[in-house]
Amino acid sequence: MGGTLTHRLIESHLDGDDLPEPGAQIALKIDQTLTQDATGTLVMLALEELGLDRVRTDVSVQYVDHNLMQADAKNADDHLFLKSACARFGVWYSPPGTGVSHPLHMKYFGKPGATLLGSDSHTPAAGALGMLAIGAGGIDVALAMGGTPFTFTMPEVWGIRLTGDLPDWVSAKDVILELLRRHGVQKGRGRILEYHGPGVSSLEVMDRHVIANMGTELGATSSVFPADDRVRGFLDRHGRGGDWQALEARADCTFDHEDEIDLGALVPLIAKPSSPGNVVPVEEVAGAPIYQAYIGSSANPGFRDFAVVTEIMKQGGGAAPGVSLDINPTSRDVLHDLLAGGRYGALLEAGARIHQAGCNGCIGMGQAPATGRNSLRTVPRNFPDRSGTAEDSVFLCSPETAAASALRGEITDPRDLGQDYPRIAPPDRPHVDPGQFIHPLPPAEAREVTLVKGPNIGEMPVHGGIEDNLDLPVLMKLGDDISTDEIMPAGTEILPYRSNIPEIANFVFRVIDKGYPDRARQVQAEGGHAIVAGENYGQGSSREHAAVAPRCLGLRAVLARSFARIHTQNLINYGILPLVIESADDLARLEQGITVRLRGIRDALRDGTAFAAETGDGAAIRFANGLSARQAEIVLAGGIIGWCRQG
């Protein structure tokens with residue numbers, strides 16, 4: 001093991017001595033942080049609770065890109081709160097409408113060789129620049145902003161060798177969809193994907209962004225590309241050539257796991273509802289009628305992704321009757337570049353609906369599809385109900401496939417259009433405007449700032465230490481791959497309550513069981529409850545609301561066969577026990593309605609031993625204790641705020 005770019009990045013930021021073996025706990029010094037408004041309000045409330053005077057990172061940026069719709073005062077009030085908090089704590093502020101965090105951060109702040117921690121699960125997109133970028137829960141990001149190293153499990157490194165060149169009508173989205181087709185949504189857990197090989201040089205930086213962004217859907221801790229001449233050209237074009245440094249793996253490096261993709265052998269791919277891992281060739285589902293083709297989001301945010309759609313539309317004559325062609329620009333900069341090249345008007349002539357710059361429909365904030373109609377989207381996820389429509393039928397695909405399908409009104413392999421393939425080069429002089437961001441105030445001025453809190457902004461929830469014995473009724477039994485969108489939905493109705501935990505708790509598990517909040521409240525005074533799940537519980541978003549809102553309803557333990565990385569730590573940070581069910585037989589015994597009796601919890605946490613438990617009918621159940629010593633101390637304190645208060 002060793003010599004990979006991943007190892008170089010970790011070693012240069014390690015808070016400690018030698019690089020440990022995979023599976024050990026490590027602490028990493030964080031250079032930059034990224035927060036967005038769906039998670040940033042809790043981050044800023046945590047900074048206030050922790051008594052931070054000023055952030056201690058090189059750069060911290062707060063983006064407002066998720067909750068842009070202002071149907072009432074809630075979102076606008078939160079934006080003012082975030083702006084005031086940025087002024088108070090020394091954070092850059094990106095106002096509503098500037099654009100999506102991930103491509104903006106790469107363009108204006110990202111640096112090869114730096115570490116980035118973000119309260120958004122798609123933060124690893126910045127790995128396209130040769131950064132080590134990791135998604136985490138908001139409170140972990142708050143601690144990093146205060147100068148605390150980020151603690152996580154040392155990952156294995158999965159080398160993905162790329163060869164060849166992408167054929168016509170195949171683009172970067174098809175590369176990551178191919179990995180999802182091969183491996184599903186769990187294979188990346190505990191791993192960092194490192195791309196290398198001769199095929200890497202054929203990919204522009206924003207193509208790499210697409211691939212690194214959706215490594216998260218494999219469950220990966222992060223994704224890393226070398227900082228090569230493509231990266232230097234990207235930074236040069238944006239006036240930041242001085243931030244470039246060459247970074248790559250040693251020629252004799254070894255990977256823990258290896259895979260290879262011949263780019264030239266790829267075909268257009270599509271993820272069917274309702275998982276990013278449900279991938280097939282487009283030709284297998286061709287002919288199905290569509291209602292919507294949606295272009296944009298953090299997964300396809302670059303100029304090329306919009307320009308290629310424009311050129312396809314020019315050749316084809318516009319969207320088919322009855323198809324909603326939704327253009328979701330990812331930044332004002334992209335809009336400027338489309339205008340400069342005459343492509344904005346061409347999209348309008350093609351019948352496109354052009355929305356404001358932001359995450360929008362990707363997070364269920366507008367552009368929801370009609371009931372039971374097919375929506376093709378270039379977004380990273382198609383979990384149930386994420387689009388804002390409960391009976392949604394969302395497919396994930398490339399801009400080429402979405403545009404071809406919009407032309408014909410049915411799912412279409414773009415190779416069948418009979419068009420010349422548009423070849424799009426990055427603009428020589430892309431629009432750059434650092435003045436879009438509000439610069440941090442000097443420390444003396446910042447200390448005089450008062451936080452602006454509207455009536456919907458509450459306090460950080462703080463809970464007491466965990467009891468030694470708990471008798472917990474199982475209120476729900478779930479299957480595999482339960483996403484955070486299913487635990488704590490997003491969308492226009494729900495996300496405005498991101499700063500009001502008691503109110504947002506009313507929506508927990510709404511997609512699966514609307515009666516859960518009421519049942520949870522009925523047993524809350526008796527000591528709370530547990531839920532049971534299969535493999536990969538909590539995949540998806542870093543939004544800690546999927547932990548803090550159930551904890552508000554009395555959730556004390558999640559009993560599952562395995563957990564997604566970010567959600568595991570989010571549960572721990574709010575004092576919820578994530579317990580691993582050791583056997584499939586025990587999972588079968590843990591049915592909804594039974595009571596699980598946990599005994600000697602505090603000793604088991606301190607000693608690192610397995611948890612002894614039995615069901616109400618006396619059957620013995622064993623749960624593995626996979627918590628580190630630090631994680632155990634956090635749970636003992638009732639969560640990370642209590643742990644920090646202990647000093």
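Analyst: What follows goes through sheets, helix contacts, a salt bridge and some backbone details of this predicted model.

User: Fine. In what order do the five strands of the open sheet come?

Analyst: The order is 4-3-2-5-6, and the pairing is parallel.

User: Which strands stand at the edges?

Analyst: Strand 4 (92-94) and strand 6 (132-135). Each has a single partner strand, so one side of each has no neighbour in the sheet. On average, neighbouring strands are turned by 20° against each other, direction ignored.

User: How many bridges join strand 5 to strand 6?

Analyst: Four, with strand 5 (residues 115-118) running parallel to strand 6. Within strand 6, I134 is the residue opposite L117.

User: And what packs on that sheet, touching strand 3 and strand 4?

Analyst: Helix 3 (residues 73-89) does, and its direction makes about 155° with that of strand 4. Helix 2 lies across strand 2 (32-36) and strand 3 (59-63), at about 115° to strand 2.

User: Staying with helix 2, at what angle does it pack with helix 5?

Analyst: About 50°, with the axes of helix 2 (residues 37-50) and helix 5 (residues 138-145) 9 Å apart. The two helices are therefore oblique to each other. Their crossing is right-handed.

User: Which residues make the contact?

Analyst: From helix 2, V43, M44, A46, L47 and L50; from helix 5, G138, I139, A142, L143 and M145. By class, the contact of helix 2 with helix 5 has nine nonpolar residues, one polar and no charged.

User: Switching topic. How many salt bridges does a search of the whole structure find?

Analyst: The search finds 41.

User: Which strands close into a barrel?

Analyst: Seven of them, in the order 19-20-21-22-25-24-23, with mixed pairing. From one strand to the next, the twist averages 35°. Strand 20 (residues 529-533) and strand 21 (residues 555-560) run parallel and are joined by five bridges. I531 has V558 of strand 21 opposite.

User: Now the backbone. Which residues does a cis peptide bond join?

Analyst: P273 and S274, with omega about 0°. S274 is in the loop between strand 12 (269-271) and strand 13 (279-281).

User: And what is the phi of Q367?

Analyst: About 60°, a positive value although Q367 is not a glycine. Q367 lies in the loop between strand 16 (353-354) and strand 17 (374-377).

User: Why point these out?

Analyst: Because most residues other than glycine have a negative phi, and most peptide bonds are trans.

Conventions: Residues are numbered from 1 along each chain as its sequence is written. This is a predicted model: local features need pLDDT of at least 70, side-chain atom pairs count only at pLDDT 80 or more; totals for chains, interfaces and linings use all residues. Side-chain values use heavy atoms; hydrogens and water are left out. Axes are lines fitted to C-alpha atoms, for helices over the stretch in contact, and angles run from 0 to 180 degrees between N-to-C directions. Angles under 35 degrees count as roughly parallel, over 145 as roughly antiparallel, 65 to 115 as roughly perpendicular and the rest as oblique. A crossing is left-handed if the near helix is turned anticlockwise from the far one by less than a right angle, and right-handed if clockwise. Contact means heavy atoms within 4.5 Å. Ala, Val, Leu, Ile, Met, Phe, Trp, Tyr, Cys and Pro count as nonpolar, Asp, Glu, Lys and Arg as charged, and the others, Gly among them, as polar. Two strands pair if DSSP finds at least two bridges between them. A salt bridge is a side-chain nitrogen of Lys or Arg within 4 Å of a carboxyl oxygen of Asp or Glu.
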